[in-house]
Amino acid sequence: MYNSRITGLGYYVPDNVVKNEDLSKLMDTNDEWIQERTGIKERRWIKENSGDTTASMGVKAAKIAIERAGISKDDIDFIVFATLSPDYYFPGPGVQVQHDLGIKTVGAIDIRNQCSGFVYGISVADNFIKTGMYKNVLVIGSELHSRGLDKTTRGRGVSVIFGDGAGAAILSREEDTSKGILSTHLHSQGEFAEELVVKAPGMGTRWVTDILAENNPDDESYYPYMNGQFVFKNAVVRFSEVIMEGLIKNNLQVSDIDMLIPHQANLRISQFIQRKFKLNDDQVFNNIQKYGNTTAASIPIALTEAWEEGKIKEGDTVVLAAFGSGFTWGSVIMKW
Ligand code: UT7
């Protein structure tokens with residue numbers, strides 16, 4: 001038996017900073033509301049003609065992770081790409097990364113688990129490595145939200161929250177099973193699939209020909225819908241549960257957590273978890289203030305920044321936890 005271990009991390013965010021004040025020029029919102037309800041001060045949105053796409057941002061993050069892992073692209077055995085905002089309806093961006101990085105014809109899989117996508121991706125990669133099938137797996141979380149948001153007052157409950165960006169990790173085989181990823185825990189509850197959803201394009205309800213013929217600018221089905229308070233209430237419960245599930249599985253206590261990287265959904269959710277678990281400020285990492293909610297990219301961006309800032313050291317117990325659309329949620333417990 002092997003474990004897998006994160007050996008390289010990288011992230012990429014577009015240069016274009018969009019402040020809360022900038023949004024108040026587009027819709028009826030204000031800095032005070034956004035900061036008080038979400039903690040967000042600014043986010044990155046791609047500039048038109050920048051060339052940034054979900055796949056290309058993922059490639060930029062991946063290049064950094066590969067270099068830091070000290071491996072070559074030819075050492076990568078498998079690619080896992082998590083996103084809810086792919087460049088194409090199909091194929092998913094995993095194959096674009098394989099091509100753009102010039103990686104030989106290894107497998108590439110796309111994960112459609114929204115805010116939990118990176119945690120699900122880590123679990124997939126970890127289990128392929130644990131069974132001995134692969135040695136090095138590239139896991140990417142990347143999102144380009146800004147092209148898909150309703151930037152009018154109608155969409156303000158959602159559009160002020162989301163940002164663009166990408167993060168990537170290399171998971172490599174670790175022979176010492178007391179190190180690296182100790183366990184991953186995944187859950188879903190499809191009962192609430194429509195509480196946080198983008199319904200179109202999809203084949204579930206309408207013919208594509210009808211949608212095109214309607215050409216209806218009031219059609220909201222292409223924009224994200226979120227039942228914010230309901231999602232919030234479920235998030236705080238599920239975050240707590242799935243962190244505890246991971247700790248119990250590994251005979252760890254809350255006080256053993258050296259670094260918790262929660263999915264950056266809302267600063268108030270992270271602060272609720274921090275208070276509940278009585279963690280101090282250096283045990284929880286947040287960067288939603290700068291980037292907003294980047295969905296599948298939020299954990300790898302935050303993990304990379306925490307590592308770059310020297311906040312994660314060898315031997316640390318690091319916990320990743322996510323909750324989002326699906327509902328899906330999950331956690332990763334690792335020994336750094
Ligand atoms: O990442 C996936 C998981 N996502 C989450 O976990 C997000 C969970 N939910 C949330 O973070 C919060 O529910 C939100 C930040 C989305 C919303 O905060 P809230 O405190 O739940 O506000 P609300 O939706 O109850 O809205 C309160 C008021 C409403 O006005 P009335 O009806 O009280 O007059 C909204 O119309 O705030 C209004 N509002 C805004 N006002 C200014 C909604 N969006 C805005 C806005 N600017 N951007």
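Strands, as named here, are DSSP runs of E of at least two residues, numbered from the N terminus. In this predicted model, one such run is strand β1, which spans residues 3-12 and contains Ser4. The model has a mean pLDDT of 97 for the protein, and 100% of the residues score at least 70. Confidence is highest in strand β4, at 99, and lowest in helix α7 (residues 208-214), where the mean is 85.

Strand β1 belongs to an open sheet of five strands, arranged in the order β1-β7-β6-β4-β5 with mixed pairing. Because β1 and β5 (107-111) each have a single partner strand, they stand at the edges, and one side of each is left without a neighbour in the sheet. On average, neighbouring strands of this sheet are turned by 20 degrees against each other, direction ignored. Within the sheet, β4 (residues 78-82) pairs with β6 (residues 136-143) in the parallel sense, over five bridges. Phe78 stands opposite Val137 of β6.

Two helices lie across strands of this sheet. Helix α3, formed by residues 54-69, lies across β1, β4, β6 and β7 (165-174), and runs at about 125 degrees to β1. Helix α5, formed by residues 117-130, lies across β1, β4, β5, β6 and β7, and its direction makes an angle of about 170 degrees with β6.

Leaving aside residues up to four places away in sequence, Ser4 touches Asp126, Ile129, Leu171, Ser172, Glu174, Lys179, Gly180 and Ile181. With one of these residues, Asp126, the side chain of Ser4 makes a polar contact of 2.8 Å.

Strand β11 (residues 259-262) runs parallel to strand β12 (residues 317-324), and four bridges join the two. Leu260 has Val319 in β12 as its bridge partner. In a regular strand, side chains alternate between the two faces of the sheet. In β11, Met259 and Ile261 point one way, whereas Leu260 and Pro262 point the other way. All four of these residues are buried.

Terms used
Residues numbered from 1 in each chain as written. Predicted model: local features only at pLDDT ≥ 70, side-chain atom pairs only at ≥ 80, totals over all residues. Heavy atoms only, no water. Buried < 20%, exposed > 50% of the residue type's maximum accessible area, 1.4 Å probe, protein only. Pairing = 2+ DSSP bridges. Polar contact = N/O pair within 3.5 Å; in protein donor to acceptor, adjacent residues only side chain to side chain. Contact = heavy atoms within 4.5 Å. Axes fitted to C-alpha atoms, helices over the stretch in contact; angles between N-to-C directions. pLDDT = per-residue confidence, 0-100.
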